Amino acid sequence: TFRWAASAGIVCSQYPAYGIWRANARAEQSRPLRLIAQAETVLITRRGLGCDAVLMPPGGAEFARSLSAGETLSQASLRAARSAGDFRLDQVLGLLLRQNAFASSRNKV
């Protein structure tokens, strides 16, 4: 099982929150902003003294919530696959590990 890092969080928005944030994070805006009206889920983690925001793949939020609730990797994967048909375990787990979203992990007996 995995324990969620205190400095990590997930924002689920019915709007393109990540696209809006990225557009405003750039120093210069050379062309008009074009967004697709769609829901977006964002993983927010701390990197040193800064904050990092990454767009979550399909099923990522469900997978992360399941893991942080104490479900096993297998249980969380099944739940995420049911919520999003195009869920890819390698993609989502890799992202969570790269972004240091977990404080620790342990085997469940």
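Me: To begin with, does Trp21 count as buried, partly exposed or exposed, and why?
Reply: Please note that this is a predicted model. Trp21 counts as partly exposed because its relative accessibility is 40%, which lies between the limits of 20% for buried and 50% for exposed.

Me: And what about Tyr18, buried or exposed?
Reply: Tyr18 has a relative accessible area of 18%, so it is buried.

Me: Where do Tyr18 and Trp21 lie?
Reply: Both belong to helix α1, which covers residues 17-25. They are three residues apart, about one turn of the helix.

Me: How many aromatic pairs are there?
Reply: The structure holds four. In one of them, the ring centres of Tyr18 and Trp21 are 6.1 Å apart and the planes meet at 35°, so this pair is tilted.

Me: Which residues are linked into a cluster by ring pairs?
Reply: Phe2, Trp4 and Phe102 are linked in this way.

Me: Changing topic: in what order do the strands of the sheet run?
Reply: The order is β2-β3-β4, in an open sheet with antiparallel pairing. At the edges are β2 (9-13) and β4 (50-55), each of which pairs on one side only.

Me: How many bridges join β3 and β4?
Reply: There are six, and β3 spans residues 40-47. Ile44 stands opposite Ala53 in β4.

Me: Lastly, which residues of helix α3 are buried?
Reply: They are Ala76, Ser77 and Ala80. These residues cover an arc of only 100° around the axis, so they lie on the same side of α3. The buried residues of α3 pack against α2 (60-68) and α4 (89-98).

Methods: Residues numbered from 1 in each chain as written. Predicted model: local features only at pLDDT ≥ 70, side-chain atom pairs only at ≥ 80, totals over all residues. Heavy atoms only, no water. Buried < 20%, exposed > 50% of the residue type's maximum accessible area, 1.4 Å probe, protein only. Helix = DSSP H or I, 4+ residues; strand = E, 2+ residues; numbered from the N terminus. Arc of directions from axis to C-beta. Contact = heavy atoms within 4.5 Å. Pairing = 2+ DSSP bridges. Phe/Tyr/Trp six-rings, centres within 6.5 Å; stacked < 30°, edge-to-face > 60°.
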